[in-house]
Amino acid sequence: MKYSTALLAAITATATSGTCAFQSAAITSSKRTTTTPPSIYPTNTALLAATLNDSSTQQVSSPTATATTGGKRKKTKAERLELASKGLQVHVIGLSIHHAQVEVREKLAIPESEWNEQSALITSTGQVEEAAILSTCNRFEIYFAASDPHEANARVMEFLQERSGLPVSVLRRNIFMLEGDDAVWHLMRVAGGLDSLVVGEGQILSQVRQCHLHSIEEDGCGGKVLSRLLNNAVAAGKRVRSETAISKGSVSISSAAVELSEHMCMKDLNLPFSEARLAVVGAGTMTRLLITHLASRGLERIAIVNRSMPRPMELQEQFPDVDIEIVLEDGLWDVVGRSDIVYTATSSPDYVIDKALLEEHGQDGGRPLMLVDIAVPRNIGSDSGELDGVKPYNVDDLKAVVAKNTAMRQREMIEAETLLREEADSFIGWRESLSAIPTINQLQERANMFRTEELKKCTRKLSQNDNFTDRELEAVERLSRGIVNKMLHGPMSHLRKAESVEKKQAALSELSSMFRLDDEQGARGRGRRRR
């Protein structure tokens, strides 16, 4: 596999060079193990957990980075284009919740406010031309572009080791590495939500968008290639969510609780969900997620019953647009008595609500009441459903909703991948078109040289005619430029539109031979002989 080979070459090279990232003994074993996370890649993908056997564990020096990013000059558009046309290839090294331990992920996590600073540190040594960091609670990925994959991989591994303080042997067991088209495809799947723990979730698209926006900031290191790739990925993610149902349907317990109660509201309570009086018992993470999903459906008011005030008050701050009433636990039955739907999400090992408690507090009069239990262990006794008007639901009922929606999303993945492949091919085609830029520039320079030489001969003769004005000579100049531009339009369009790498290389070779682009001196000599 070309990626594992590149990494091994980088490690071997650094073991013998005093200026490289790794200082270690020679590798004595070539045995390697690859780990593929549970996501769908093309059959030629080289997804590498970058793992060597323990007998080849290496020690890595951690020199303090001396390069600083202060005063670093931002490259001009022309400079970025020139770099991109020199064969910069896209790479990604990272780790995600699919195959990396949380202890490793948390040591590499980078706050969004530092993404650009750390990207600049990666590119400061020169081995990496462009870099962008995507760091979330479920993944940490460094996208970078470089012309030498061996040196670039070594530089990024050096950065990871320095930042985490972990041995390279530990990093290798957790990271993955992708290069070229596989790296492009991976980012498209990430932006589309296909690589997420919850397929189709929308937060990752927002995070990829932030990665793109940071990469094109004044202190960003996105460059011509990465900024284009990230922008394409954001567009691909939006397209997938708008043209498929990949993000439709609840796939978490909290969102399923909202969907179930909304769906059953008319049947169980005989009133619209928007008119139902809501309450939740507990103020932990599940409650926060529950209120998030309720707020997305236009929630305006809810009562929270909890043992203490601090957590409910934090929720009031997090959701300023929702009128949150805080009630301590001794007011539970007053809240139940005036609510239509009660969600429970506490850590109590005992039932908070059951048949006996409902009867004890006068809630057995037949008034419609929906009880939605999202806690494990359960907070609501199943016997509460024996009372007239009371409709209890627990986690098992919610799992059925989640399973149905997850299956639906899995079916949508096929269509989503088709759309993502189109977007990936679009970027790859653009990337390949950059290789034609040097030949196009050469062709324009050669044509302009011929035009200038012939124009000089013409103007010398025309200037001897007193009847020719400067304006007429300028018209001849414009005419010569127009003729050259129209003559070159066809060949240059052909170069840009070549469908495959092989066809593009063939077109480049033909044009170079046809216009003698590799023989400047011969062309000039020929021009002199004609004089």
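How many of the residues in the protein chain are buried? Buried residues make up 48% of the 531 residues, where buried means under 20% relative accessible area, exposed means over 50%, and partly exposed lies in between (1.4 Å probe, protein chains only). This is a predicted model, in which local features need pLDDT of at least 70 and side-chain atom pairs count only at pLDDT 80 or more, while totals for chains, interfaces and linings use all residues. Residues are numbered from 1 along each chain as its sequence is written, and side-chain values use heavy atoms, with hydrogens and water left out.

**Figure 1. The protein chain as a whole.** Let's start with the overall picture. The chain holds 19 helices and twelve strands; helices (H or I, at least four residues) and strands (E, at least two) are DSSP runs, numbered from the N terminus. A contact here means heavy atoms within 4.5 Å. Among contacts between residues at least 6 apart in sequence, 72% join residues at least 24 apart.

**Figure 2. The open sheet of four strands.** The strand order is β4-β5-β3-β6, and the pairing is antiparallel; two strands pair if DSSP finds at least two bridges between them. At the edges sit β4 (130-135) and β6 (176-179), each of which pairs on one side only. Neighbouring strands are turned by 15° against each other on average, direction ignored. Axes are lines fitted to C-alpha atoms, for helices over the stretch in contact, and angles run from 0 to 180 degrees between N-to-C directions. Strands β4 and β5 (residues 139-146) run antiparallel and are joined by six bridges. To find your place on this pair, look for alanine 131, which stands opposite phenylalanine 144 in β5. Lying across β4 and β5 is helix α8 (residues 203-215), which runs at about 150° to β4.

**Figure 3. Isoleucine 142 and the nonpolar cores.** In soluble globular proteins, nonpolar side chains tend to be buried together. A nonpolar core is a set of buried Ala, Val, Leu, Ile, Met, Phe, Trp, Tyr and Cys residues joined through side-chain atoms within 4.5 Å. Which residues touch the most other members of the largest nonpolar core? Of its 67 residues, they are Ile142, Leu160, Met188 and Val208. Leaving aside residues up to four places away in sequence, isoleucine 142 touches His91, Val92, Ile93, Ile122, Ala132, Ile133, Val156, Phe159 and Leu160. A second, separate core has 33 residues, including Ala256, Val258, Leu260 and Ala283.

**Figure 4. Strand β8 within the open sheet of six strands.** The strands follow the order β9-β8-β7-β10-β11-β12, with parallel pairing. Here the edge strands are β9 (323-328) and β12 (390-393), each pairing on one side only. From one strand to the next, the twist averages 20°. Why is strand β8 (residues 301-306) largely enclosed by the rest of the structure? Because five of its six residues are buried. Three bridges join β8 to strand β7 (residues 278-281), and these two run parallel; within this pair, valine 280 has isoleucine 304 as its bridge partner in β8. Six bridges join β8 to β9, also a parallel pair, and here isoleucine 302 stands opposite isoleucine 324 in β9. Helix α12 (residues 310-318) lies across β8 and β9, running at about 180° to β9.

**Figure 5. Aspartate 340 and its surroundings.** Look for aspartate 340 in the loop between α13 (332-337) and β10 (341-344). Aspartate 340 counts as buried because its relative accessibility is 9%. A polar atom of its side chain lies 2.8 Å from the backbone nitrogen of arginine 277. That pair is a polar contact, meaning N or O atoms within 3.5 Å; within protein, one must be able to donate a hydrogen and the other to accept it, and residues adjacent in sequence count only if both atoms are side-chain atoms. Among the residues that aspartate 340 touches are Leu269, Leu271, Glu275 and Met370.

Figure 6. Is asparagine 270 buried or exposed? Asparagine 270 is exposed, because its relative accessible area is 64%. Its place is the loop between α10 (253-269) and β7, and its phi is near 60°, a positive value in a residue other than glycine. Proline 377 lies in the loop between β11 (369-373) and β12. A cis peptide bond, with omega about 5°, joins valine 376 to proline 377.
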